[in-house]
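Biologist: I have a new model open and want to go through it with you. Can we start with what holds the inside together?

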Amino acid sequence: MTAADRGAPAHLGALYPFLYAAHDPAGVTAALTASTEAKLREAAALRARVLTEQAVALAACAADLAAALGSGGRLFAFGNGGSATDAQACADLFAVPPGGAPPLPAYALSADVAVLSALANDVGVEAVFARQVAAHARPGDVVIGFSTSGNSPNLLAGFAQARAQGAVTVAFSGGAGGRLAEPGAVDHLFVVRSPSVHRIQEAQTTACHVLWELTVAGLGGGADSRPGAAQGVYADDRNEVPAGRG
């Protein structure tokens, strides 16, 4: 029995209608191609909008990061699930940068499974980031957190601890920002306004790369007016997927 014979669960049918259509290899291939290109255009448009709307805020945040890291500060990043991967990628970008940029001290607090599991088991999941921030962060450090909702209790607790210890706090969130958008939650907030977790994380990754490039430029590393991480998200870039193709 095929998926079409079984019928599509409502949520899967809406996401992947071509999987539940009548058996038609050519039609499925065309539908897959059209779906992929539509997602690429959607992702590029969202990333371009985020960078355009938040350009001034990204520059201001980068100036704070350059001042902090240039004065001996360190960067700590965290997140849950897929956002933990984003946090680790962010820390790696600063600590092991491409293209001969200067390495900066950066650590992913969500990468040490032993520490995370010990804190979750002995203290509670809500404390897994706050306890590490309390142990490591000092005034002048930078704490960056990633979330698609902005409502994760352990992120909120981690940021509260970071602010109490005088660190510069930076959050990437999705939707309407969640509780991270409340006054005083963080110093710098970048919200990707999309209902799609996939698109949110893609745009957050791009924004983080732009933030890194602007920070390196602020430290004297040099940068072009359109950071390399932003290439491909503007309509005049050569690698844009043309509308109507396929």
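**The core and its contacts**

Modeller: The largest nonpolar core has 31 residues, and the members that touch the most others are L65, F94, I144, V170 and F172. Keep in mind that this is a predicted model.

Biologist: Which elements give two or more residues to this core?

Modeller: Helices α4 (55-70), α5 (82-95) and α9 (197-221) do, together with strands β1, β2 (106-108), β3 and β4.

Biologist: What does I144 touch?

Modeller: Leaving out residues up to four places away in sequence, I144 touches L65, L75, F76, A77, F78, C90, F159, V170 and F172.

Biologist: Which residues does the second core include?

Modeller: That core is separate and has 18 residues, including F78, V128, V143 and V186.

Biologist: Step back a bit. How many helices and strands does the protein have?

Modeller: Nine helices and five strands. Starting at the N terminus, the order is α-α-α-α-β-α-β-α-α-β-α-β-β-α.

Biologist: And what percentage of the residues count as buried?

Modeller: 42% of the 246 residues. The accessible surface is about 12,100 Å², and carbon and sulfur atoms account for 57% of that.

Biologist: What share of the contacts join residues at least 24 apart?

Modeller: 65%, taken among contacts between residues at least 6 apart in sequence.

Biologist: On to the aromatics. How many aromatic pairs are there in the whole structure?

Modeller: The search finds five. In one of them, F78 and F129, the ring centres are 4.7 Å apart and the planes are at 10°, so the pair counts as stacked.

Biologist: Where do F78 and F129 lie?

Modeller: F78 is in strand β1 (residues 75-79), while F129 is in the loop between α6 (113-122) and α7 (130-136), so the pair ties together parts 51 residues apart in sequence. Both F78 and F129 are buried.

Biologist: Why is the pair of F146 and F172 stacked?

Modeller: Its planes are at 5°, with the ring centres 5.0 Å apart, so the pair is stacked. The cut-off for stacked is planes under 30 degrees apart. F146 sits in strand β3 (residues 142-146) and F172 in strand β4 (residues 168-174), so this pair ties together parts 26 residues apart in sequence. F146 and F172 are both buried.

Biologist: Which rings are linked into a cluster?

Modeller: F78, F129 and F159, through ring pairs.

Biologist: F159 is in α8, I see. How many residues does α8 have, and how far does the helix reach?

Modeller: Helix α8 covers residues 153-164, which is 12 residues, and its first and last C-alpha atoms are 16 Å apart. That is close to the 16 Å expected at 1.5 Å a residue. Just after α8, G166 takes a positive phi of about 85°.

Biologist: Which residues of α8 are buried, and what do they pack against?

Modeller: N154, L155, L156, G158, F159 and A162 are buried. The buried residues of α8 pack against β1, α7, β3 and β4.

Biologist: Is C208 buried or exposed?

Modeller: Buried, with a relative accessible area of 4%. C208 is in helix α9. Apart from neighbours within four places in sequence, C208 is in contact with C90, L93, F146 and F172.

Biologist: And how far is C208 from L58?

Modeller: 9.1 Å from C-alpha to C-alpha, although C208 and L58 are 150 residues apart in sequence.

Definitions and conventions
Residues numbered from 1 in each chain as written. Predicted model: local features only at pLDDT ≥ 70, side-chain atom pairs only at ≥ 80, totals over all residues. Heavy atoms only, no water. Helix = DSSP H or I, 4+ residues; strand = E, 2+ residues; numbered from the N terminus. Buried < 20%, exposed > 50% of the residue type's maximum accessible area, 1.4 Å probe, protein only. Contact = heavy atoms within 4.5 Å. Areas by Shrake-Rupley, 256 points an atom, 1.4 Å probe, with all protein chains shown as cover. Phe/Tyr/Trp six-rings, centres within 6.5 Å; stacked < 30°, edge-to-face > 60°. Core = buried A, V, L, I, M, F, W, Y, C linked by side-chain atoms within 4.5 Å. Expected span 1.5 Å × (residues − 1).
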